[in-house]
Amino acid sequence: MSKEHTYTNGEVTIVWKADLCIHSRKCWTGLGEVFKPGQRPWIEPAGASTQRIIDQVKRCPSGALSYRMNDGSSEAPESTGTDVGG
Ligand code: SF4
């Protein structure tokens, strides 16, 4: 299955599944402080607040990006937005 890469700021863990990424550029045009395709590792969770990271992760059109809270709490409130595109 998809290879998972994880990146954490200590509070939230960003999960990126490389196989699903369609390189839509949504994440780095939306939150360039965290998603930096030119560098390795290309995701830098320290670049923005947890809430901003979560908001951006939810906008990933392919499902390549997801997240989990490190404290095991349930996820942040569900967004019902149907932001499409990419
Ligand atoms: S938004 Fe999702 S699909 Fe687009 S580049 Fe980022 S991880 Fe890949």
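**Exercise 1. Cysteines**

Task: Decide whether cysteine 27 is buried or exposed in this predicted model, and do likewise for cysteine 21. Then state how many disulfides are counted.

Solution. 
1. The relative accessibility of cysteine 27 is 12%.
2. Buried means under 20% relative accessible area, so cysteine 27 counts as buried.
3. Cysteine 21 has a relative accessibility of 17%. Under that cut-off, cysteine 21 counts as buried too.
4. A disulfide requires a pair of cysteine sulfur atoms within 2.5 Å. By this rule the count is zero disulfides.

**Exercise 2. Pairing, strand by strand**

Task: Find how many bridges join strand 1 to strand 2 and how many join strand 2 to strand 3. Name residues that stand opposite each other.

Solution. 
1. Strand 1 and strand 2 (residues 12-17) run antiparallel and are joined by five bridges.
2. Within this pair, threonine 8 is opposite threonine 13, and threonine 6 is opposite valine 15.
3. The hairpin of strand 1 and strand 2 has three residues between the strands, and glycine 10 takes a positive phi near 95° there.
4. Five bridges also link strand 2 to strand 3, again antiparallel. Tryptophan 16 faces leucine 65 in strand 3 as its opposite residue.
5. Five of the six residues of strand 2 are buried, so strand 2 is largely enclosed by the rest of the structure.

**Exercise 3. Threonine 50**

Task: Locate threonine 50, classify it as buried or exposed, and list which side chains it joins through polar contacts.

Solution. 
1. Threonine 50 is part of helix 2.
2. Its relative accessibility is 12%, so threonine 50 counts as buried.
3. The side chain of threonine 50 makes a polar contact of 3.1 Å with that of asparagine 9 and another of 2.4 Å with that of glutamate 11.
4. Beyond its neighbours within four places in sequence, threonine 50 is in contact with Asn9, Glu11, Val12 and Met69.

**Exercise 4. Valine 34**

Task: Say where valine 34 lies, whether it is buried or exposed, and which residues it touches.

Solution. 
1. Valine 34 belongs to the loop between helix 1 (26-30) and helix 2.
2. With a relative accessible area of 0%, valine 34 is buried.
3. Proline 45 is 11 residues away along the chain, and the C-alpha atoms of valine 34 and proline 45 are separated by 5.6 Å.
4. Not counting residues up to four places away in sequence, valine 34 touches Ile14, Trp42, Ile43, Glu44, Pro45, Gly47, Ala48 and Ile53.

Definitions and conventions: Residues are numbered from 1 along each chain as its sequence is written. This is a predicted model: local features need pLDDT of at least 70, side-chain atom pairs count only at pLDDT 80 or more; totals for chains, interfaces and linings use all residues. Side-chain values use heavy atoms; hydrogens and water are left out. Two strands pair if DSSP finds at least two bridges between them. Helices (H or I, at least four residues) and strands (E, at least two) are DSSP runs, numbered from the N terminus. Buried means under 20% relative accessible area, exposed over 50%, partly exposed in between (1.4 Å probe, protein chains only). A polar contact is a pair of N or O atoms within 3.5 Å; within protein, one must be able to donate a hydrogen and the other to accept it, and residues adjacent in sequence count only if both atoms are side-chain atoms. Contact means heavy atoms within 4.5 Å.
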